[in-house]
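Have a look at the model first, then read on.

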Amino acid sequence: MIRYILKRILQAVPLLLVISFIVFTLIHLAPYDAIDAQITSNMSQEEINILREQSGLNKPFSIQYVDWLGQILSGNFGHSLVTHNSVGEEILAKIPNTISLVLPAYVTALVIAIVLGLLAAANKGKWQDKLIDAVASLGIATPSFWIAMIFIYVLGYQLNLFPIIGMHTIGKEGDFGDFLSHFIMPYLTLTIVFFAELTRYVRSSALSQTNEEYVVVQQAFQATKTQIFTRHIIKNVLIPVITQVGMSLPMLVTGAIITETVFSWPGIGPYITQATRALDYPIIMAVMLLSATLVIVGNLISDILYSIVDPRIRRGGK
């Protein structure tokens with residue numbers, strides 16, 4: 001097991017270097033940068049050049065990349081070109097806010113999806129399956145910002161049940177009840193967004209198991225449909241679900257950008273949105289690299305969980 005994990009980690013290192021180069025190259029190819037956003041009509045070319053020199057943007061591409069990569073490897077994500085604050089410190093301050101919103105919503109959606117996905121698969125073609133599929137289709141087709149706006153209008157404006165924006169009321173930052181009242185609407189929004197695709201995924205995974213030999217054997221022994229699904233199929237659906245969970249790891253950081261922005265939740269969403277508007281590339285690069293890294297880490301975690309659930313995987317299928 002340890003050799004398998006070390007092998008997967010060593011395979012991930014060069015991939016991370018390639019991703020870092022791609023991220024830096026894409027940002028470098030952009031036609032504008034943060035200095036262009038700060039230029040005013042009364043600034044001389046000399047002043048503009050000084051700004052570029054202070055930011056290191058006048059150096060050759062290769063030197064800029066090596067300098068940036070060296071900073072990243074030392075844990076320094078640089079400083080915002082607009083506010084001059086530490087990007088790493090700001091990200092670390094905002095990630096817990098995002099996780100506190102995304103993680104409960106995803107776990108809730110996953111539990112609901114497993115239950116309803118199995119129910120739909122067990123009743124393929126029946127009204128239960130059609131109803132669940134219709135609800136999931138509606139959830140997939142409806143943009144997250146539209147769901148958020150509906151909640152804001154109905155629950156926040158019309159019924160006045162919950163605060164419309166923010167994570168806390170000013171002066172009540174330590175009040176859990178106040179946090180919960182701000183939390184409900186973005187939580188419900190993300191739960192609906194996550195639930196729809198997860199339900200479809202669980203249903204299709206369960207249906208793919210219904211024609212397997214072990215199901216036919218259980219049917220021959222006159223096992224009920226409920227027994228087959230709850231005792232056998234659910235176990236074999238676990239591996240593809242693990243894939244989905246592993247791949248969802250980046251969502252803990254960037255999975256709620258739109259929802260956080262709509263509700264002014266002080267997480268990564270509004271932070272990266274403001275950085276994009278200001279062409280603040282150190283922030284954009286840091287968040288992109290972090291998200292890409294989490295994709296690789298998610299795949300690594302999925303592979304490790306695979307090998308635990310099914311030892312044949314780490315033995316090469318033997």
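Which residue forms a salt bridge with Asp-133?

1. The partner is Arg-200, and the closest N and O atoms of the pair are 2.9 Å apart. Asp-133 lies in helix 6 and Arg-200 in helix 8, so this pair ties together parts that are 67 residues apart in sequence. Please keep in mind that this is a predicted model.

2. The structure holds three salt bridges. Another one joins Asp-129 to Arg-203, with the closest N and O atoms 2.7 Å apart. Asp-129 lies in helix 6 and Arg-203 in helix 8, so the pair ties together parts that are 74 residues apart in sequence. Asp-129 counts as buried, at 5% relative accessibility, whereas Asp-133 is partly exposed, at 29%.

3. Lys-59 and Asp-67 also form a salt bridge, their closest N and O atoms being 3.4 Å apart. Lys-59 counts as partly exposed at 40% relative accessibility, and Asp-67 counts as partly exposed at 34%.

4. Finally, do visit the nonpolar surface patch of about 1200 Å², whose residues include Phe-145, Trp-146 and Ile-258. Helix 7 gives the most to this patch, with seven residues. Leu-159, also one of the patch residues, lies in the loop between helix 7 and helix 8.

Notes: Residues are numbered from 1 along each chain as its sequence is written. This is a predicted model: local features need pLDDT of at least 70, side-chain atom pairs count only at pLDDT 80 or more; totals for chains, interfaces and linings use all residues. Side-chain values use heavy atoms; hydrogens and water are left out. Patches are made of residues with over 30% relative accessible area and no salt bridge: like charges are joined within 9 Å, nonpolar side chains (Val, Leu, Ile, Met, Phe, Trp, Tyr) within 5 Å. Accessible areas come from the Shrake-Rupley method with a 1.4 Å probe; for residues, only the protein chains shown count as cover. A salt bridge is a side-chain nitrogen of Lys or Arg within 4 Å of a carboxyl oxygen of Asp or Glu. Helices (H or I, at least four residues) and strands (E, at least two) are DSSP runs, numbered from the N terminus. Buried means under 20% relative accessible area, exposed over 50%, partly exposed in between (1.4 Å probe, protein chains only).
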